[in-house]
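Subject: Structure for you to look at

Hello,

Please find the structure below, and keep it open while you read the notes that follow it.

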Amino acid sequence: MLRGKVAVVTGSTSGIGLGVLKELAAAGAKVVMNDHLDNTEDHDQVAEIAKQYETEGVYIRADMSKADECAALIEQAREKFGKVDILVNNAGIQHVEKIEEFPPQKWELILSINLSSSFYTIRSVMGQMKEQKWGRIVNIASAHGLTASPYKSAYVAAKHGVVGLTKTVGLEGAEHGVTCNAICPGYVWTPLVEGQLEDQMKAHGKDRDWVIREVLLTRQPSKEFATVEQIGQTAVFLCTDAASQITGTTISVDGGWTAL
Ligand code: NAD
């Protein structure tokens, strides 16, 4: 379905990014795995995925908190495969704390990784996508791009920013065959959520089961976590011809959260 296409997925060594990368590879795309750590296992991991789906794959290290490294990621992907057709901005971190105690460095870091990195990667790829008259940009936002929760000021602000960026880029690409959309997951079971569990237990002074029931899934009417495969398959759908007229918008995969 995506044979011959080249896909870059930021922050794709674990969780949702890895799920998206696997589904893109399964659909035939050549894939670029990224994070800021350069672990040998991740070079092996992407090679194995590529082999499994009879495509090509490479790991490129780049820290999404740094503007020049975001641009370098796109440049290196292009050097390797000649072009970038699909860009999935997924890298993201979380910090949960009352705003009066929220560390300013955390605010800056979350804004840079969760929002500004998407600006820098899109800025680097847009000209080439417009020229080839085909491009798919998928931003992994969040239900927190559409609604808020206490103690997540930086994350909620960044994700609302991603939704705004998505609309703008959707408009700029509209006449050029380039779509830009945001997927807004509710809770998906990943290491990021597992990390939040600890923070939420501290913030609320409650145990694991209470936090899962009353905090994490309290606003997810399905009472189930979404899966990384479901997010990956939604991203693949946005890259198909069936989705060529879907642009500048959001798709919620949140078990009904934002319908409440
Ligand atoms: P995760 O912690 O499992 O994975 C995050 C990935 O980003 C990892 O590969 C990590 O190495 C990478 N990363 C972290 N800092 C980086 C940096 N500076 N540069 C490059 N890569 C970096 O998290 P996840 O749950 O899979 O979340 C992925 C995205 O999905 C995030 O943008 C998150 O906000 C969003 N999201 C997650 C959920 C959820 O429930 N898990 C819900 C809504 C949105």
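The secondary structure of the protein chain comes to eight helices and seven strands, where helices (H or I, at least four residues) and strands (E, at least two) are DSSP runs numbered from the N terminus. With a radius of gyration of 18 Å, close to the 18 Å that the globule rule gives for 260 residues, the chain is as compact as a globular protein of that length; the radius is taken over C-alpha atoms, and the rule is 2.2 Å times the number of residues to the power 0.38.

Please bear in mind that this is a predicted model, in which local features need pLDDT of at least 70 and side-chain atom pairs count only at pLDDT 80 or more, while totals for chains, interfaces and linings use all residues. Residues are numbered from 1 along each chain as its sequence is written, and side-chain values use heavy atoms, with hydrogens and water left out.

Around the ligand there are 31 residues, of which I16, N90, Y155, V188 and T190 are the closest; a residue is near a molecule if one of its heavy atoms lies within 4 Å of it. Helix α6 (191-204) is among the elements that supply at least two residues of this shell, and α6 gives the most, with three residues.

Oxygen atoms of the ligand make polar contacts (pairs of N or O atoms within 3.5 Å): one lies 2.5 Å from a polar side-chain atom of Y155, and one lies 2.7 Å from a backbone N or O atom of N90.

Best wishes

Definitions and conventions. A polar contact is a pair of N or O atoms within 3.5 Å; within protein, one must be able to donate a hydrogen and the other to accept it, and residues adjacent in sequence count only if both atoms are side-chain atoms.
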